[in-house]
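Subject: Structure for your review

Dear colleague,

Please find below the structure that I am handing over to you. My notes on its pockets, its ligand site and its backbone geometry follow.

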Amino acid sequence: MATPRLEIDLIKIEDNARKLIGRLARRGIVVTGVTKAALGSPEIAGAFLRAGAERLGDSRIENIETMRHAGMRGAMTLIRSPIPSQTAQVVRCADASFNTELDIIAMLSDDARKARRTHEVIIMVELGDLREGVMPGDLESFVRQAIVLPNISLKGIGANLGCQNGVCPDTENMAELSRLATAIERTFDLKLDTISGGNSSNLHWALGDNVAGKINDLRLGEAILLGRDPLWRQPIKGLHTDAVSLVAEVIEAKTKPSKPWGEFASATFEELSPITDKGPMSRVILAIGHQDTDPKGLVPPEGMEIIGAGSDHLVLDSGRHRLSIGAEVKIQVDYSALLRAMTSPFVAKNWRPRINQEHSTSRFQTTEFNPVGVAVESVSHAY
Ligand SMILES: *Cc1c(COP(=O)(O)O)cnc(C)c1O
């Protein structure tokens with residue numbers, strides 16, 4: 001089988017999704033299944049929907065379009081502010097989008113009017129992580145100007161924490177989001193459908209003993225795919241942490257010194273572990289690198305250590321393991337490594353159970369993955 005490849009167990013992913021959706025349902029929270037780490041793969045989207053996800057979310061309109069073309073049913077939300085040059089496509093493909101700029105909502109309004117559609121907007125509020133969001137003090141005036149725009153319907157408000165500066169979702173900032181929602185509903189005499197509290201880093205808060213307040217939606221990708229809480233990197237109880245793994249192949253295996261020699265200048269990529277002179281060691285090269293994944297986010301099997309990586313080589317200290325040429329090594333991925341591997345045309349995708357290509361609604365192939373915008377020909381013959 002081709003390497004490098006991602007092995008993606010859809011049964012485990014669906015099981016993770018079902019467990020989280022069930023636990024959150026008890027707190028009155030529904031789940032938007034976020035597909036961006038999987039390039040909007042209809043396989044993953046299907047697993048989310050079967051598990052009971054309320055809707056799908058992706059940050060790229062191209063991915064939403066892919067899922068639409070694959071015939072995915074279910075409402076779809078663009079979870080990044082629309083790119084101004086793409087607003088017509090957003091109105092055409094997505095039911096709703098996250099927004100923080102009135103100029104962009106005005107463009108959506110124009111395009112929605114032309115397309116004779118209504119586009120739903122969720123306004124993102126800044127709660128301290130300092131990525132996207134309207135400042136809380138500006139929310140009322142923002143809403144006042146947004147709701148008068150034709151063909152725009154205010155679906156709700158939301159917030160995103162944990163991503164930019166690692167600010168934790170907690171009782172205080174989640175209560176603030178609830179208060180803001182109540183204030184908007186009172187001031188404008190309307191009902192907000194969705195109060196979206198955040199992403200996978202909200203799970204610690206949401207599954208704890210905290211009051212959910214008006215928060216009724218979380219957007220989850222990472223926690224479902226990896227079974228871990230991104231804030232503390234801990235496995236979530238009862239979830240599979242091995243639903244996705246990366247397999248690479250040995251192209252060199254030699255006993256070599258552990259200390260490089262010669263005159264030193266700067267290396268292209270930073271070393272992943274400090275150089276110490278341990279004498280001769282088992283050094284193994286796997287055919288995978290920065291072009292395929294994020295080497296910093298890889299965890300090799302027990303007893304092996306990643307020493308360094310270049311664009312195409314991953315150097316391992318294989319310890320007491322004797323690996324032969326052509327041996328396959330299974331590596332665990334973090335979110336960053338997963339994201340990059342999913343996006344690399346060099347990494348094959350092996351779905352389990354195997355998807356019957358003839359009957360699959362997907363334009364993604366079973367093994368040789370075809371990312372958006374890359375011609376199939378160039379993918380399968382380039383190397
Ligand atoms: C990526 C993203 C999510 C999902 O994050 P996960 O960590 O994968 O759960 C949710 N909301 C927004 C705005 C995002 O950009």
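How many nonpolar, polar and charged residues does the shell around the ligand have? That shell has 4 nonpolar, 4 polar and 5 charged residues, where Ala, Val, Leu, Ile, Met, Phe, Trp, Tyr, Cys and Pro count as nonpolar, Asp, Glu, Lys and Arg as charged, and the others, Gly among them, as polar.

Please note that this is a predicted model, in which local features need pLDDT of at least 70 and side-chain atom pairs count only at pLDDT 80 or more, while totals for chains, interfaces and linings use all residues. Residues are numbered from 1 along each chain as its sequence is written, and side-chain values use heavy atoms, with hydrogens and water left out.

Ligand site

Of the 13 residues around the ligand, Lys36, Ser200, Arg219, Gly221 and Glu222 come nearest (a residue is near if one of its heavy atoms lies within 4 Å of the molecule). Polar contacts are pairs of N or O atoms within 3.5 Å. In one of them, a polar side-chain atom of arginine 219 lies 2.8 Å from a nitrogen atom of the ligand. Glycine 221 places a backbone N or O atom 3.0 Å from an oxygen atom of the ligand, and an N or O atom in the side chain of asparagine 160 is 3.4 Å from a ligand nitrogen atom. On its own the ligand has 390 Å² of accessible area, of which the protein covers 95% (Shrake-Rupley method with a 1.4 Å probe).

Pockets

The ligand takes the space of the largest pocket (a molecule sits in a pocket if more than half of its atoms lie within 2 Å of its grid points). On a 1 Å grid over the protein atoms alone, a pocket is an open set of points with protein on both sides within 12 Å along at least five of seven lines, a cavity is a set where a 1.4 Å probe fits but cannot get out, and lining residues have an atom within 4 Å of a point. A volume is the space filled by probe spheres set on the points, which are joined across faces, edges and corners.

The largest pocket holds about 1,000 Å³ of space. It is lined by 36 residues, and Lys36, Arg131, Cys163, Tyr335 and Leu339 are the closest to its centre. Helix α10 gives the most to this lining, with 5 residues (helices are DSSP runs of H or I with at least four residues, strands runs of E with at least two, numbered from the N terminus). The lining divides into 14 nonpolar, 12 polar and 10 charged residues.

The second largest pocket has a volume of about 440 Å³. Among its 23 lining residues, Ser258, Glu271, Arg283, Ile307 and Val315 are the closest to the centre. Strand β15 supplies the largest share of this lining, 4 residues.

Backbone geometry

Most residues other than glycine have a negative phi, and most peptide bonds are trans. The bond from threonine 3 to proline 4 is cis, with omega near -10°, and proline 4 lies in the segment before β1 (5-9). Another cis bond joins arginine 352 and proline 353, with omega about 0°. Leucine 130, in the loop between β6 (119-124) and α6 (139-146), has a positive phi near 60°.

With kind regards

Methods: A polar contact is a pair of N or O atoms within 3.5 Å; within protein, one must be able to donate a hydrogen and the other to accept it, and residues adjacent in sequence count only if both atoms are side-chain atoms.
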